[in-house]
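Student: I've got a new structure open and I'd like to learn how to read it feature by feature. Can you walk me through it?

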There are 2 protein chains.
Amino acid sequence: VKVRVLGSAAGGGVPQWNCGCENCREARRGTGVVRPRTQESLAISADGAAWFLLNVSPEIRAQIESFPPLTPREPRHSPIAGLVLTNGDLDHCLGLLSLRESHPLTVYATESVRAGFTAGNVLYRTLERFEGQVTWRTLAVEREQPLGDSGLLTITAIATPGNLPLHLKSLRAPSPEDNIGLVVRDARSGKRLAYFSGVAGPSPALARAVAEADAVFFDGTFWTSDELIALGLGTRRAEEMSHWPLGGPEGSAAFLARQRGRKILIHINNTNPILREGSAERRALEAAGIEVAADGLELAL
Amino acid sequence: VKVRVLGSAAGGGVPQWNCGCENCREARRGTGVVRPRTQESLAISADGAAWFLLNVSPEIRAQIESFPPLTPREPRHSPIAGLVLTNGDLDHCLGLLSLRESHPLTVYATESVRAGFTAGNVLYRTLERFEGQVTWRTLAVEREQPLGDSGLLTITAIATPGNLPLHLKSLRAPSPEDNIGLVVRDARSGKRLAYFSGVAGPSPALARAVAEADAVFFDGTFWTSDELIALGLGTRRAEEMSHWPLGGPEGSAAFLARQRGRKILIHINNTNPILREGSAERRALEAAGIEVAADGLELAL
């Protein structure tokens, strides 16, 4: 399976529109010390012809144009064969509404994520303009199922500690299907890609999936629990925002360091010190064999 | 008043994600013959310190970063003092949901446009997380009112031939306030900027506003009525999509050619031949004293 990182930042991107923190200022300076990053999305393909996007960021248009294999071959065409949503966060779903030019879409999501985006959302009518504009394929947790029709890739949804997206909070009770990770398996090579871009904390199913993976993209949102509080930029701890901090003995970096495959952090918040080349936190990750994704990173398994 | 074009394309941008028409292919080649364009938005300011965006495109994040005066001066800050919506089209409104990082916003819109975006839209809850997150200022048609608190700029909404956004079609009857143009007046210089980026056809109020303007940004979506049909890319005529075609004796270009101020086309669809430098249509516009906006264009009145 071929993988291309379309976006590697958490919601808001790097720099974030209303943020003048040290990282955002550095990113705007263009020195390369903090590389600008768009909001998280991955493109994957078994054959280089049919591509699947894991999450659909608000910046989808620029992300598609940044990677020529995703652009049309004909007057009306797209090599994008499917879109997979791992939760209902706007930075993962809003881009769907930018794919509205009367083009049939196939979207993979749990029933909970599908309902959260389509119910009570009048904007979604823009994707209901003709019969078959969106074909939803239900992801059932822990069940391996085909991704696309070629038989070359399968995906398995893994229920992952998380929460409802902010805009659905208090509207209904959370469900284990509100937030998933994915295991993508290449049927020919047998290689496994794990994708856990939103992880509130450890779980046995998560640990199993990561242990078996040849490469994992993992939630790199925050380094410390009180990152936003310490910078005076917010009042909530990482865990309240459903993100497992990287640092410390109980942090996700320590968990990842114990894994055998390639480990790559993604969904990185603009405040995270790992964005800064040469920072102590970045060097600690490097020493632990953990990479920090940037937009445009490619790998093949 | 200072003006910066943040985006000059119609919905979908140039190139459009699923389009391989001649213009989109040329834009992807990067030859400069067809310049890439993001979706329509203008930034305006009287003093260069407080800025107002006319329409908020899905590409707002990149558009803000493309123009340093719109970026923060402090850890949490934005020079963007207000956002103005001229209709409920997603390419004009969707970007509001990308400005959700707990930042107070002031949004100017008619009551009809406000209700169309906030009612029945569960995603809008992301902008209702604290008291005062969004302050709506109602635009009443044909009434000059202050833009911001400085007294330096006023705006007047002009009811303009148009329609409901696609996702609201058939949900309610259209209202004259569903689509407006704007006249921005600089209180010191007395200069007037007219902004009519969506115009379904002529009207007396529109003609009056444009006649009095020192510069006008005008709907440049399509050259011909059957542009999409002739290219095999769509089934609807320009008028059915509420856009007055530019070409022909009854076209908007002939109307604009008769005006005294600076005339600039914006909201240009990816299929429009005026995007191509040196095309017959582009030369006809030049001969008539009509400009074609590109991203990054600046002017001062």
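Student: Let's begin with one residue: is B:Ala194 buried or exposed?

Tutor: One caution before the answer: this is a predicted model. Burial is judged by relative accessible area, with under 20% counting as buried. B:Ala194 has 0% relative accessibility, so it counts as buried.

Student: Where does B:Ala194 sit, and which residues does it touch?

Tutor: B:Ala194 belongs to strand β10 of chain B, residues 192-196. Setting aside residues up to four places away in sequence, its contacts include B:Leu182, B:Val183, B:Ala209 and B:Ala213. B:Ala215, B:Val216 and B:Phe217 are also among the residues it touches. For a contrast, take B:Glu250: it is 56 residues from B:Ala194 in sequence, and the C-alpha atoms are 21 Å apart in space.

Student: How do β10(B) and β11(B) pair?

Tutor: They run in the parallel sense, with four bridges between them. One bridge links B:Tyr195 to B:Phe217 in β11(B). As a general idea, side chains in a regular strand alternate between the two faces of the sheet.

Student: How many residues of strand β11 of chain B are buried?

Tutor: Five of the five, residues 215-219, so the strand is largely enclosed by the rest of the structure.

Student: Can we zoom in on one pair? In which sense do β4 and β5 of chain B pair?

Tutor: Parallel: strand β4 (residues 80-84) and strand β5 (residues 105-109) are joined over two bridges. In one of these strands, β5(B), B:Tyr108 is the bridge partner of B:Val84.

Student: What should I look for in the backbone angles?

Tutor: Most residues other than glycine have a negative phi, and most peptide bonds are trans.

Student: Which residues are joined by a cis peptide bond in chain A?

Tutor: A:Val14 and A:Pro15, with omega at about -5°. A:Pro15 is in the loop between β1 (2-7) and α1 (22-29) of chain A. In chain B, a cis peptide bond joins B:Val14 and B:Pro15, again with omega at about -5°. B:Pro15 is located in the loop between β1 (2-7) and α1 (22-29) of chain B.

Student: And what is the phi of B:Asn55?

Tutor: Positive, about 70°, although B:Asn55 is not a glycine. You'll find B:Asn55 in the loop between β3 (51-54) and α2 (60-65) of chain B. Its relative accessibility is 0%, so B:Asn55 counts as buried. B:Ser102 is not a glycine and has a positive phi too, about 50°. This residue lies in the loop between α3 (90-93) and β5 of chain B. At 39% relative accessibility, B:Ser102 counts as partly exposed.

Student: Last one: how are the two chains related?

Tutor: Two copies of a chain are related by a rotation about an axis and a shift along it. Here a rotation of 180° with 0.0 Å of shift superposes chain B on chain A, at an RMSD of 0.0 Å. The two copies are thus related as by a two-fold rotation axis. Within chain B, B:Asn121 comes closest to the rotation axis, its C-alpha being at 2.2 Å. And 100% of the interface residues of chain B are also interface residues in chain A, so the copies meet through the same surface.

Key: Residues numbered from 1 in each chain as written. Chains lettered and ligands numbered in written order. Predicted model: local features only at pLDDT ≥ 70, side-chain atom pairs only at ≥ 80, totals over all residues. Heavy atoms only, no water. Pairing = 2+ DSSP bridges. Least-squares fit on C-alpha atoms with pLDDT ≥ 70 in both. Contact = heavy atoms within 4.5 Å. Buried < 20%, exposed > 50% of the residue type's maximum accessible area, 1.4 Å probe, protein only.
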